[in-house]
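Dear colleague,

Please find the structure below. My notes on its core and its pocket follow.

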Amino acid sequence: MDLTLLSGATAGAAAGAAGCAALDATTYLDMAIRGRPASDVPAETAEAIVKHLPLDVPGQNSHRQNRFNGLGGLSGVLSGVFVGTAFGLLHAAGWRPPLAVGTVAVGLGAMAVSDGTLAGLRVSDPRTWSATDWLSDLIPHLVYGAVTYATLVALEDRR
């Protein structure tokens with residue numbers, strides 16, 4: 001891999017990790033403000049993924065469920081770092097839109113990966129979501145996009 005692409009991938013991974021922190025903070029803030037519970041969707045997604053793999057998650061009852069909760073959270077971080085890496089590669093290849101465009105592209109890209117996975121695994125059907133459900137998904141992903149893209153640009157500016 002070309003050094004520029006490697007640098008872009010590394011910067012993108014770091015930017016994606018920063019974006020994940022911002023997405024999580026936005027989600028927790030939403031939970032605190034609205035008093036809503038944590039979502040079961042990450043754990044359900046992890047469980048659906050494991051069903052397609054030649055392995056099992058050990059434990060019974062709450063211990064097994066706690067493992068799926070952890071795997072769900074980890075899969076979200078991996079997804080966010082992956083999306084950041086992809087956009088880091090695009091950035092290294094010369095794709096440099098204005099901040100607002102980059103924010104929306106990265107945020108909607110991450111949302112497409114997330115919601116596409118949910119739909120593909122039949123964990124949830126976004127076509128049935130309410131407007132509130134969509135906003136609860138869109139806003140944290142746009143925050144992810146803003147932080148990820150701004151971090152990517154800042155890291156590029158430092159080089």
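Which residues make up the largest nonpolar core? This core has eleven residues: Ala11, Ala15, Cys20, Leu23, Val83, Phe87, Val106, Ala110, Tyr144, Tyr149 and Leu152. The model is a predicted one, in which local features need pLDDT of at least 70 and side-chain atom pairs count only at pLDDT 80 or more, while totals for chains, interfaces and linings use all residues. Residues are numbered from 1 along each chain as its sequence is written, and side-chain values use heavy atoms, with hydrogens and water left out.

A nonpolar core is a set of buried Ala, Val, Leu, Ile, Met, Phe, Trp, Tyr and Cys residues joined through side-chain atoms within 4.5 Å; buried means under 20% relative accessible area (1.4 Å probe, protein chains only). At least two residues of the core come from each of H1, H3, H4 and H5 (helices are DSSP runs of H or I, at least four residues, numbered from the N terminus). H1 gives the most, with four residues. Another core, of five residues, lies apart from it and includes Ala43, Ala46, Val50 and Phe68.

The largest pocket holds about 1300 Å³ of space. A pocket is an open set of points, on a 1 Å grid over the protein atoms alone, where a 1.4 Å probe fits, with protein on both sides within 12 Å along at least five of seven lines; lining residues have an atom within 4 Å of a point. The volume is the space filled by probe spheres set on the points, which are joined across faces, edges and corners. Of its 41 lining residues, Leu23, Ser39, Val41, Pro42 and Ser114 are the closest to the centre. H3 contributes the largest share of the lining, eleven residues.

Kind regards

Notes:
Buried means under 20% relative accessible area, exposed over 50%, partly exposed in between (1.4 Å probe, protein chains only).
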